[in-house]
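Dear colleague,

I am handing over the structure below, together with notes on what turned up when I went through it. Please read the notes with the coordinates open beside you.

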Amino acid sequence: MKKLALFICCSIFLFNCEEVVEIDVPTGTPKLVIEALFEVYFEEIPVSTNTIVKLRLSAGYFDKELPVVTNAIVTLEDLSTNSIISFEDVDFDGNYIPTSAFIPEDDVEYELSVTYNNEVYKGKASKTKTPLFINVEQGSKTLFSGNETEVIVEFSDDALEDNFYLFDFSNNLYLSIEDRFFNGSDYNFSFFYQEEEVEIPSEVLIKMAGVSQDYYTYFRVLTNQSGQSGGGPFQTTPSSLLGNIVNTSNADNFPLGYFNISETATYTLSLTE
């Protein structure tokens, strides 16, 4: 009985000593986040594009969504002809689309301009070429758990230059590779979906985009910091990683994000059990 009484007294003492600790997470001044990742679907007839400029503001660490920016002025200049393409946010969701048909051309440098809060942000990019898929198919191999789903991807690399690729396997799953060890060869590799990452059976859209070395490096650093989940690298609060867009009005108030133009090959694959 004495031991029981002592246990009850100690339990009451520990319970009464519980205290709620509030953690103060520092937050800085919100920065403009510019995601201008243009995709040119060159296999389609006629050629189509995904040329959306997404504008957000960086948010606090525990915020799940980034505030949208709907009151900016967005333009794109063809530096070979000095022609201007205007973008507008039709749905007031922070996504700006061209007001007229626009297909990025080969060997042309484009300059993106975003005016927000009386400051001007600019970045330049040219379209990067992409090869075609040779084949995409479901494999039968697994990894450690035995429940993974294998996808085998094959394509032909261009031997004339160093190439960098970004693969989008849907469901916010990305893979970036370089051709250091297979330059100029037909190359194949396996990608494995974890059991919780994809439903079986289902269809997945797989994309392959050629990217510049600078964007390849930027993307690898960004994904290493933010991880694969959360809706892609720009959907959660990005780190203060400098991209290729600068604030020409106030260098100290630099933006986050990147401007990239890529030819993009696509393949829709049906996954089965």
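I begin with Ser170, which touches Val204 and Leu205 once residues up to four places away in sequence are left out, where contact means heavy atoms within 4.5 Å. This is a predicted model, so local features need pLDDT of at least 70 and side-chain atom pairs count only at pLDDT 80 or more, whereas totals for chains, interfaces and linings use all residues. Residues are numbered from 1 along each chain as its sequence is written, and side-chain values use heavy atoms, with hydrogens and water left out.

Ser170 lies in the loop between strand E11 (164-168) and strand E12 (174-178); helices (H or I, at least four residues) and strands (E, at least two) are DSSP runs, numbered from the N terminus. With a relative accessible area of 17%, Ser170 is buried, a class that means under 20% relative accessible area, with exposed being over 50% and partly exposed in between (1.4 Å probe, protein chains only). A polar atom of the Ser170 side chain lies 2.5 Å from the backbone oxygen of Leu205.

E11 and E12 form a hairpin with 5 residues between them, and Ser170 in the turn has a positive phi of about 70°.

A second hairpin is that of E7 and E8, which has 2 residues between the strands and in which Asn117 takes a positive phi near 55°. Strand E7 (residues 109-116) and strand E8 (residues 119-128) are antiparallel over 8 bridges, with Ser113 opposite Lys122 in E8. E8 also pairs with strand E15 (residues 245-247), in the antiparallel sense over 3 bridges, and there Tyr121 stands opposite Asn247. Between E8 and E16, which run parallel, there are 2 bridges, and the partner of Lys127 in E16 is Ile261.

Turning to the rings, a search of the whole structure finds 23 aromatic pairs; rings of Phe, Tyr and Trp (its six-membered ring) pair if their centres lie within 6.5 Å, and planes under 30 degrees apart count as stacked, over 60 as edge-to-face and the rest as tilted. The pair of Phe155 and Tyr187 is edge-to-face, because the ring centres are 6.0 Å apart and the planes stand at 80°. This pair links distant parts of the chain, with Phe155 in strand E10 (residues 149-156) and Tyr187 in strand E13 (residues 186-193), 32 residues apart. Phe155 is buried at a relative accessible area of 0%, while Tyr187, at 26% relative accessibility, counts as partly exposed.

Tyr215 and Tyr258 form a tilted pair, 4.8 Å centre to centre with 45° between the planes. Since Tyr215 lies in helix H2 (residues 213-226) and Tyr258 in strand E16 (residues 256-271), the pair ties together parts that are 43 residues apart in sequence. Tyr215 is buried at 3% relative accessibility, and Tyr258 is buried at 6%.

For the chain as a whole, there are 2 helices and 16 strands, and 40% of the 273 residues count as buried.

Best regards

Terms used
A polar contact is a pair of N or O atoms within 3.5 Å; within protein, one must be able to donate a hydrogen and the other to accept it, and residues adjacent in sequence count only if both atoms are side-chain atoms. Two strands pair if DSSP finds at least two bridges between them.
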